[in-house]
Structure formats: C-alpha cells, structure tokens
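Take a look at the structure first, then read on.

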Amino acid sequence: MSDILEEVTSSEYKYGFTTDIEMDTAPMGLSEDIVRFISLKKNEPAWMLECRLKAYKKWLTMEEPRHWAHISYPKIDFQNIIYYAAPKAKKELASLDEVDPELLRTFEKLGISLEEQKRLTGVQSNIAVDAVIDSVSVKTTFKETLAEKGIIFCSFSEAVQEHPELIKKYMGSVVPHTDNFYAALNAAVFTDGSFCYIPKGVRCPMELSTYFRINASGTGQFERTLIVADEGSYVSYLEGCTAPMRDENQLHAAVVEIIAHKNAEVKYSTVQNWYPGDKEGKGGIFNFVTKRGICLEDNAKISWTQVETGSAVTWKYPSVILKGNNSVGEFYSVAVTNNHQQADTGTKMIHLGNNTRSTIISKGISAGFSNNSYRGLVRVSKGAKNARNFSQCDSLLMGDKCGAHTFPYIEIKDKSAIVEHEATTSKIGEDQLFYCKQRGIDTEKAIALIVNGYCKEVFNQLPMEFAVEAQKLLAVSLEGSVG
Amino acid sequence: MISIKNLKAGIEDKEILRGFNLEVKPGEVHAIMGPNGSGKSTLASVLAGKEDYNVTEGTVIFNEKDLLEMSAEDRAREGLFLAFQYPVEIPGVSNINFLKTALAEIRNYKGLPPLEAKDFLKLVKEKQAMVELQGSLANRSVNEGFSGGEKKRNEIFQMAMLEPTLAILDETDSGLDIDALRIVANGVNQLRNKERSFIVITHYQRLLDYIVPDFVHVMYNGQIVKSGPKELALELEEKGYDWIKKEMETAV
C-alpha cells in the first residue's frame, strides 16, 4: 500500500523549460541605487520613486520573519538576487503578431496560447489575459473590448503612467509597505503586475486573467496586483502561475490588494503550480505572498479561491477586512504538498462592521515527505455586532511520512458573534482504494477520483475552465509513474 | 464459472483459509454459512484480491483464467463483484460519477466504448427501481450519510449496473430489517439467470428464505466441513453451529 502511494506521488515537474530571450537585467543585489534603477527603467514619475524609497528604508529596519510559520528553509541572501529582468527590445506592440514568437511558444507549452485566447474572443472562453513574464507585462489582450465599458485592465506600470490618481489613492491602502517584511520589499522593488478598475455599476463581462511566470535564472519576481471594484460592480479575476525548472531557489514576494466599494463583488481565483523543487527537495520557488482585500463599504463581497500545488515553500494568507456592514468574506483553498514541499497557508477574516459574514473552507493534501499547515485567524472586533464565521479545515494524508497541521486562531471581542470551526484529518484509506479497484477502477484513477471528491467544495467555486485545469494539476501533482 | 482448489491464505503468519475447495457452475447459487471466525469474509476478500492477504497454496480458476494472477481491478473487469459487508464512504464523489467511471473501465477492458450519457442514465433509472433506491441517492456521495440499509441496497444497485458473472455477497443481510432484507433479496433474485452465479455468505438462515440457494456449505476453521441442499440451512438454524463443531471434534 505505502509503496503504491510513494510511486504514485513521486512525479516530476512537467513545466520545466526555459525560454531563451535576451534579458535586460539589473546588477545583482539590493541597494538604494537598484531601487532607483528599477524606477528609472520603468520611466516612473517622482512620486512613485519616493514611495519605493520610503518602503526600501522601512525594509532595512525590518527583520525577516522566520520563526512563527511552520516552515524551514535556508537563510535568503537578499544581495544574491537580481531584482529586475525584462525581455529586451521592448517596444509598443500593436498586435500579437509582434510578440516574440519564442514567448508565444512558452505560453503554448503552458496551455494558454494567447492566439487561441484571441481567436476564442466572445465565443466560449471569455478570458482576458495580462501576461507577465519575469516582471514585465508583455501584452494585455481584450483591453479595447473592456475599455468600452470603462473597465481599466492593464499592467501596473502602465497604470502608474496613465492613471496616477487611482494608483495614488489605492496603492498601499490595504497592504501598506509597513505591513510586513515581504510587503515592504515588494513595495520597494516591484517590477510589474496588473491593475484593474471596474467602474460604478459595471459587471465585467469576462473573466480577467493574469498569467505569471518566473523565467530568468536567479531572479526574484515581485509583482503587484491592485483591483478596485467601484460601487455596485462585479469582477472575477483569475491568476495562474508556473515557473520553469531551476536548481537554486528563487524568491517570489507578491502583493495583491483588493478594494470592494458599496455593493461590489470581487472573486479572485488562483491556480499556482510553481516549480516545487525535485524529489529530493532541491530547488523550487520560495513563495512569500501578501494578499488582502477590504470590503470598504456596506454589502461588499470578496471571495478568494486558491488551488496551490507548487512552490518549495509557501507562506500565504489571503485575507478579508470586513469593514462595511453586511459585507461578506470567503476563502476556499486546496493546498497540495508533495515530496519535500512546505506550505503554511490560510486566511484572516477581520470583522469590523455589523452583520458581517465569513466562510473558510480549507482542504490540505499532504504526500511524500511534505508538511502542510493551515493557519487562520478569525477576529471580531468590539462593537462589530452579529458577526458570523464558519470555518472548515480538512487535511488528507497520503502515505505516512508527511505532516498536516492546523493552527486556527480565534479572537472574539463581541458577544453577539457566532463562530463555528470544524476540522478533520483523514487518510486515503486502503479500504477506499480497494473498494474502487473492486469496481474495476485502477489505483491511479481511484486516487484522482477520491482527491477530486475531497476538493469538490473548492473546485465548485472556480470558473469552469479553471476547475478543469485545477483537476488536471492535482492529477499531475499526485500521480505520475503508475499506469 | 469458478473452481477453488485447496486454497490456503492468511494475514501475516496467521493462516485463515486452510485448504478451501468449492466448485460453482454458471447460474448456481451457493450459500456459505458458518460461525464467526470461520474464514467466510476472508474468503470473499481473497477472491476479490485484497492485498493484505497472502495466498500460500492452491488454485482459483475463474472463467478459465488464473484468478490469483490478476490484479483486483482486472478481477472486477472479468466479472467478479463483491458486495461489501461494510461499504466504504467516498466523500465528494457522487454515486453516479463513481458508477460511470467503473462502468467505463469495465467496458474499456472488454474493448467497448463508454455508454452514451443518455443510455447510461436510462440504465441508472431502470436499475434503481429494482432495489427501490430513491433517485436522490444516486446523486449523493458514495455511501456518505447512507443508512445501513441504504448502503446494502446501493451495493446491489451497483451490482445491477455492472452486471457481473459472479457476485459474492458478504453478509449482505447483516444490519438489515425485514423490509430492507426483502428489497435486497428481491433485487438479487431479479439478477439471477442461467449465466450468473452467486456466492452468498451469511451467518443466518433467514436471508436464504428469500434468496433460495442451490447448495449450502458450512465453513469451519477455514474449510468447508459440510455441504448439502438448501434444507441444510434449516437444520443449522435449528441446531446451531455447536452441533457441527462437536461433530468435527469427534471426527478428529
């Protein structure tokens, strides 16, 4: 039994390939000069540079958080990282035909051919893609279609140039640069990302999507995403990530901020399969991400859905601040760890307004020698009347060499709150596998069936195309050599 | 159909089946009775291919093939079905999806394409009626939150869907009230035909009032110690198993 699971769960990463494009890189290391270099490269206005320098100075005074999370990794040498890498020979691109064909092939290998996306416009797959390769947004599709509705969807750099009033107003309003060590680092050196603004009363007619991919060797990726949903608007945003195979660990420290105004709703879905390192735990991405949304006014709703199968080390807690009355926060998560991966992930629901509701559904799957922790905080402030929370944290173990941990923190300062927490830990049972086999289903298919069943509540939250991709990813992460 | 000769098997060092012999022809129903711990459920598990058991001796020929050489899933695909004594729950996997996958695998093994969705659903409806299983149960997760009776009915429903050539019923009557027992037995009887054989493992005679066997065997200490026509079951009911045990001891 354990032999089968070991065999099934020890698969190799299928997305390991490197695109050969001339890079325009910064010298290695981090200093005030590097921050200035990045700002200059991006031709930024003075106020932006000031923001960066402020964050950099703050970062210098902060200490890397190493102790509270249930993860361990070698000390990161922040002077041994390249903070800026952009594909060279960048010019304004009028159409997809002008994009480096090598780049397009990369996307094809990832299964998100931009050409295909374009061809399918308005037919089946209504997804607008903002592709970020190593820090610079290459091409934003569907921009014009969206512009007709007043929707702004562009790279962060472009937004800095063209919508400075929005960036100034919202950037750092949910995740200030003082928030934590990695948020400060990101605020100082972020190279690009996506910006999205949905105007009052507009329902975004398609899924907006960003595909992140870390490519250059020894580069960190520090992207920044800002989503603003104005009064009564709705948007569903998809983020997908892959990274090619690399021996040394690569650092990734992103910041995502979401602002939902009155009656607005934002759905943010992530499928992340960054390179997890090899079977012995060598290489892989260090993923330290700060994601936070705020329901700024009444009846706002923010929903995070994530399927995490990659990275060597993950440190990530998509959170919602429920400030407006009757606002709703949701967190649906599947986190898979295999081989020597480590994940410490969960959410924070901060209830400030009256009648706020939050739901947390977390499904951890551990295989191989991996460690998978759920860490969540539910906080109800004094005076936040009738807050409700429901949390469910399930762990599934495959084999007997992995670990699953749950760290739920609950801080209730108002008596009217109702908070429920449920947690289960189970193993893929020999009995379940045998039952499937006795009905003619082989081990590999049986594991896929059982795991997909286990994750169903979360997959149900994903847009159709993503749900299919997520199921495939799970299969790739957990299966492999059998059959 | 199936020919079991001198089968010896056990868990770790403990031998449970100690030279078991049985011959089942197409269309026959054999009941295997016996006291607790006589090896009845072990027999079912070994035939179905559960990996915890080691077979140390003997042969099992199923449809002219060496059963013991086959993986558990191939045995199922060859037409061997086990109705479990304790059916497991698979949360999040609907009964329908589970059966669709199983049926497609079995058909694929036989070189057939999967059933069209329409035909599959028609089949589901038809077979559900056979065991008086409510429509909603088919859409619920496999056995999750089912009552004991519903789980057993679900086993018979799966059997009806997968149409095996040999069905082994492992204490299907345990935990059933009289109405559920009648429904389950009725389902089994509808599935009886000239080609399909059954091995009915039971502790009590009462199931055999509804599923009338062609032969009754008494199992004790990992062997069949007595065989006879259906009336043997009545005799056992009357005298209990102690009678057999004594007979065995005096024979030794």
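Two residues are in contact when they have heavy atoms within 4.5 Å of each other. By that rule, 21 residues of chain A are in contact with 32 residues of chain B. This is a predicted model, where local features need pLDDT of at least 70 and side-chain atom pairs count only at pLDDT 80 or more, while totals for chains, interfaces and linings use all residues. Residues are numbered from 1 along each chain as its sequence is written, chains are lettered from A in the order in which they are written, and side-chain values use heavy atoms, leaving out hydrogens and water.

- The size of an interface is often given as the accessible area lost when the parts come together.
- Here the two chains bury about 2,200 Å² between them, 61% of it on carbon and sulfur atoms (buried area is the accessible area, with a 1.4 Å probe, that two parts lose on being put together, summed over both).
- A:F434, A:Y435 and A:R439 supply 35% of the area that chain A buries against chain B, more than any other three residues.
- The interface holds four salt bridges (a side-chain nitrogen of Lys or Arg within 4 Å of a carboxyl oxygen of Asp or Glu).
- A:D431 forms a salt bridge with B:K50, and their closest N and O atoms are 3.3 Å apart.
- Which helix of chain A gives the most to the side that touches chain B? Helix 10 of chain A does, with eight residues (helices are DSSP runs of H or I, at least four residues, and strands are runs of E, at least two, numbered from the N terminus).
- The residues on this side of chain A divide into nine nonpolar, five polar and seven charged (Ala, Val, Leu, Ile, Met, Phe, Trp, Tyr, Cys and Pro count as nonpolar, Asp, Glu, Lys and Arg as charged, and the others, Gly among them, as polar).

**The six-strand sheet of chain B**

- Six strands of chain B form an open sheet in the order 6-9-10-3-11-12, with mixed pairing (two strands pair if DSSP finds at least two bridges between them).
- Strand 6 (80-83) and strand 12 (223-228) of chain B are the edge strands, each pairing on one side only.
- Strand 3 (residues 29-33) and strand 10 (residues 197-201) of chain B run parallel, joined by four bridges, and B:V29 has B:F198 as its bridge partner in strand 10.
- Strand 11 (residues 215-220) and strand 12 of chain B pair in the antiparallel sense over five bridges, with B:Y220 opposite B:Q223.
- These two strands form a hairpin with two residues between them, and B:N221 in the turn has a positive phi of about 55°.

**The four-strand sheet of chain B**

- Another open sheet of chain B has four strands in the order 2-1-4-5, with antiparallel pairing.
- Strand 2 (14-24) and strand 5 (65-66) of chain B each have a single partner strand, so one side of each is left without a neighbour in the sheet.
- Strand 1 (residues 2-11) and strand 4 (residues 53-62) of chain B pair over eight bridges, and B:A9 stands opposite B:V55 in strand 4.
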